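Here are two worked exercises for you. Have a look at the structure first, then follow the steps.

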Amino acid sequence: MQSTEKIEKVILLGSGALKIGEAGEFDYSGSQALKALKEEGIYTVLINPNIATIQTSENIADRVYFLPVTPEYVEEVIIKERPQGILLAFGGQTALNCGVKLYRSGVLEKYGVRVLGTPVQAIIDTEDREKFVEKLDQINIKTIQSHAVTTVEDAKKVAAELGYPIIIRAAYTLGGLGSGFCDNEAELDALASKAFTYSPQILVEKSLKGWKEIEYEVVRDRYDNCITVCNMENFDPLGIHTGESIVVAPSQTLTNAEYHKLRHLAITIIRHIGIVGECNVQYALDPNSEDYRVIEVNARLSRSSALASKATGYPLAFVAAKLGLGYGLHELKNSVTKSTTACFEPAIDYIVCKIPRWDLGKFKGVSRELGSSMKSVGEVMAIGRNFEEAIQKGLRMIGQGMHGFVANKELSVENIDEALSHPTDKRIFVIANALKHGYTVDRIYELTRIDKWFLYKLENIIRLEHEIEQYHTIDSIPESLMLEAKQKGFSDFQLARTVTKCSPAEIEEKIIEVRNRRKKLGITPYIKQIDTLAAEYPAQTNYLYVTYNATAHDIDFPQDGKSVIVLGSGAYRIGSSVEFDWCSVNAANTIRKNGLRSIMINYNPETVSTDYDMCDRLYFDELTLERVLDIADLEAPKGVIVSVGGQIPNNLALRLKDQHVPILGTSAEDIDRAEDRHKFSQMCDEMGIDQPRWRELTTIEDIYEFADEVGFPLLIRPSYVLSGAAMNVVSNKRELEHFLTLATSVSKQHPVVVTEFIENAKEIEIDAVAKDGEVLIYAISEHVEFAGVHSGDATMVFPPQKMYVETMRRIKKISKLVAQGLHITGPFNMQVMAKNNEIKVIECNLRASRSFPFVSKVLKVNFIEIATKVMLGLPAEIPHKSAFDLDYVGIKAPQFSFSRLQKADPVLGVEMASTGEVGCLGEDFHEAILKAMISVGYYIPQKNILLSTGDARSKADMLSAAQALQKKGYNLYATQGTADYLNQNGVHAEVLHWPDSELKPNTLDYIKEKKIDLVVNIPKNLSETELNNDYTIRRSAIDFNIPLITNARLASAFIHAFCRLDKKDIKIKSWNEY
Amino acid sequence: MPDKKTAALILEDGTTFHGFSFGASTSVSGEVVFNTSMMGYPESLTDPSYSGQILVLTFPLIGNYGVPGDQMQDGLLRFFESDRIHIRALVVADYSFKYSHWNAVKSLAQWLQENNIPGIYNVDTRQITKIIREKGVMLGKVTVEGTPVPDKFDDPNKENLVAKVSCDEVMTYGNGKRRIVLVDCGCKYNIIRSLLVRDATVIRVPWDYDFTTIDYDGVMLSNGPGDPQMCGATITNIKKAMEIGKPIFGICLGNQLLSIAAGASTYKLKYGHRSHNQPALQVGTNKAVITSQNHGFAVDTTKLDEDWEPYFINLNDGTSEGIRHKTKPFFSVQFHPEATSGPVDTSFLFDYFIQNIDQACKAQKK
């Protein structure tokens, strides 16, 4: 290292909670950077409230602060820690924005903190669109002709000059927030007003819809040496946000001239801007010439850079951190070969395909159309040696019930033309549908502008399916066709279904029949290495994928009984994200520490578990029965761990066991007894454990009868969903009727589970580890909200602060009974309801849960390490530590991404809606909740608060909070009913009229004019038939970026906390100081 | 998709890879080499340096963007590196029967067939590469179903390949102010293009032509196939040019020939450098460049005359990537600054060559 001055201590800013546009990729980037700093002996300080990440685990950073990544808190940490350097490029836009603010306010200079890597001015030059265009104009590089405006009127004027369609973008935002296309002035009017709430400046540009979208990942060191690590081509043309697009790497339809023209431009740009480290350049490329435009440059690690790292094996974040310290590229080694230099460009000898994962079905009212704003919550990366293989794998990995490009449940598309030209999250399957209906590639191209090359390849899959359909028994498929199908990514399931057309009940058997015939014919897959150099040099790492397009393995299989397979979590989605990555990595670490070989299977490029140096062997491949069996056949493992990666591996347990794969820990049968509603209920009944009353019903009459028996409200869980969310709570017969007729179908084939819904009950979670049915360690946490808010959306308190000792005692007793009854060995989680010390079990999962990292880190006992040891049959030392000993409180709070999900109703219910979470520590409940709420984007309001507090009960619940606000000097505004109630109870509140009223002052005006600092809107009932007015208030609060709370208990907790504490009362304490 | 005809790649050590044919129906023999670059097959296939070789592409998806038309520019085919395909056979993993690109006029298969070059797909190109990496380059045959199999493994390095690919007569391109002799040992068109854009007249001469008889401002020694020791005549002429003292710039084979003329020796690499991602460091600096390469032989600089010094070295394996004269305007590089295909990062060497020429001309005038 030839750095000018010695750097001894560095602060790294994390990205906070996972949200749409900023997800797990930054845990990966940050972890890599911290590893790189550690290698240099630098003391590292990490600020990140995301408690479920790997980077906030022990032994990664020297100090961890679970604090908001905002200028105030970072400044406090700087004052306390006095670092010499700060890294801004590894925590997404959150860290970058925070860093720019600290630079502008002079804080960095004041405390002598040097920004390592790309200088802040360069960051500003890329972030401010006008400056960016100016900068690129200086070197004659074409950008999209764009005009910065600060008023809606100016936007209209510019648009008229450019001609529609146009696109508008807001400066300084993540993932295209506040951006979109406008075909006419009316659309512009609406979108521009909204964009101005995110940013004082918006850009109006001519739309280049239909151009190819290409990205390059570029690296530069302080000696001006540059490399491009990877380029990527979007399957979807420009117009669809790259985070919403299927992406392949490397580009497939570019000639040498195009590839190298754009590569050369990327290097010219990065030099001119003065990046030191990594950056991403996005282009639009004319499909009919070599004309191009630069779309944007991201002067930081990004989702694309994480993808590029995984796609190539080149550790971008690690290298970027080293370059920030002053190294030259040529002074670093290639981490894969360990002999060649890091100053090179990976040669790929496979193709990767990234596919986004959407969860739009979880939201009410959201638009499913894809556009220039990101809505996906996760992604997968599939590796193959041809496009057909990669995309079919990828479509299975997405995990939404699809089996590849074909052999899926028929998708009903009313108007194929319309569906092709207005893409939704189902676009790829609409293409399959169109091809099957005889659409030509040319016609589909006209409607989608997806390059024909991709469409030809998809057509190949359809043609092959057609060929396979000619056979009606598995044994009659010719060997050559079977091989070709496997080479083009057909799964055994696809073959079985296409040939036998069997019912779902028989499919399992048929899959195994295909498998057996295949093996008899010698058609089995091969294992290849990702080695950065296309086999030119030997690789020292085991970064692997599975393919049928090969005739030899790259590796040997010791088969010595010392390998343990860990099944990872798959794509991040609502309900399963970074927390299971933490669990998977910790399981792999424990396996390694105990002298065994850890083998990870996972396919999510946003994770640390798919970092090839986290385990002995990484299979970047599918988590399907077929693929896990393939790998188990080759590795002959000691066993497979299915309980740390969430529901996907958990669901494989019984099926793997049936195929004689050893499952470590709790037996597959017992996992099934917990998963199967009937079996679990029966066990509870036998043990005298109470559950909310429920019934699985197949006729509407039965449902009404059950409703009469237990009364309303009821939780309805259909097995077949026509539209809208899968679960719902109904409060009366009318709602029940509405839901049953409109949203679901009830029949013998599609039973509906109806459960009694207990109002105003406490919800409590137990995370525990047991061995041979005996609980070794447990953590009990309580929710701030009452039961009815999905546990993933609830605010969790650990140790519990408001729970009866008797309740606690009873829960412990039940946990012991359940552990015994299910002979649990390994992790488990239970959710219970408590009302008046009566405990009812809602759910029990014999796997790690979302809250394992949270309770592990608060208690400072690694539950997964203990669980893994237990599953491996090793003695586990159990620390004698109880939650009662803690003199601090941990709070886990959800992060929502409603601002990205246009039109979605930002209300909480039984379906999970949050995309991420934070966990903060405080000396008491108030301090912890304040930190947590600020970490997920709330702020302490300045002066004006709008209350609209729902039904009588929640009005009463909120009264003391309103009194506290008044005492603290806040101005209270309220809708009519709430204002009346408050005024009757001695709290002054000014009336704001409902949005649909003509009367002034009006709620909507106040929100739009940003006169309100916090909106509390409590829905009147739990049903879907919400008053339009309430929806408008909530949605406007989101669209105009005003903090919104929709739960009375949470609102009270937050209000009491900030009324009681000032910002200065918040302690700047690192994790190890608690 | 047409009816599948089987084909095979048979290596000298007996290893056989079975696949299908997509090129011409003919069987051939040659030296099997691999290239790890991810794009640029129209350029690679027409690169004369591949003469005599069976080319294995490690990037599996080939043929995606078809083959461009034969538009001319400055007397050269615009989209190719010479007037014909030089490889003996092409070996790929996944061939795209349908292509998509605005400037494509035919498929890769059609082009191979027109040029009577066999192509084989659906073979494990990574495994072939690993065999070559472990055992070194070896001879091989590509056989297509229904065609006679060559009985012997033909070693192209025993022939004078340069003589086969060089031009037959002197040809002149452009009308620029600098007169540059291009010694064509199997020259890629982009060397000519790179000089033409820099205001040069390019006088392309056959490999063994005594160009010192021509009035010129500088000498460009081109790339080319095979063993440099076959080019005795060229080396003799280079030595004469060194006496004349006008600027010399060598590329690839040109580098090897200049190095031999400067006292160095050459040797055959185990499996060569054929890729777009070879890192080279300018000796004595922190300047690292990513280069396009295609060579099987390399220069051993230990015996270089003392007036010469290493210019670039390979950052991966430390092999020589170029030499330069300590005082005179002579230099050469093992990589391809003209790129096509590959990165264009080292095109500054052409500027450097032109500067040398301009300085030499200025000095002469004085």
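A polar contact is a pair of N or O atoms within 3.5 Å; within protein, one must be able to donate a hydrogen and the other to accept it, and residues adjacent in sequence count only if both atoms are side-chain atoms. This is a predicted model, where local features need pLDDT of at least 70, side-chain atom pairs count only at pLDDT 80 or more, and totals for chains, interfaces and linings use all residues. Side-chain values use heavy atoms, with hydrogens and water left out.

**Exercise 1.** Describe the interface of chain A and chain B.

Step 1: polar contacts. Between chain A and chain B, 32 residue pairs are in polar contact, both at pLDDT 80 or more.

Step 2: salt bridges (a side-chain nitrogen of Lys or Arg within 4 Å of a carboxyl oxygen of Asp or Glu). The rule finds 10 across this interface; one of them joins Lys4(B) to Glu484(A), at 3.5 Å, N to O.

Step 3: area, meaning accessible area (1.4 Å probe) lost on being put together, summed over both parts. Chain A and chain B bury about 4,700 Å², 50% of it on carbon and sulfur atoms. Asn256(A), Arg385(A) and Glu536(A) supply 15% of what chain A buries against chain B, more than any other three residues.

**Exercise 2.** Work out how helix H5 and helix H6 of chain A are arranged.

Step 1: axes (lines fitted to C-alpha atoms over the stretch in contact, angles running from 0 to 180 degrees between N-to-C directions). H5(A), residues 120-127, and H6(A), residues 129-138, have axes that come within 5 Å and cross at roughly 100 degrees.

Step 2: name the angle. H5(A) is therefore roughly perpendicular to H6(A) (65 to 115 degrees).

Terms used:
Residues numbered from 1 in each chain as written. Chains lettered and ligands numbered in written order. Contact = heavy atoms within 4.5 Å. Buried area = accessible area lost by both parts, 1.4 Å probe. Helix = DSSP H or I, 4+ residues; strand = E, 2+ residues; numbered from the N terminus. Parallel < 35°, antiparallel > 145°, perpendicular 65-115°, else oblique.
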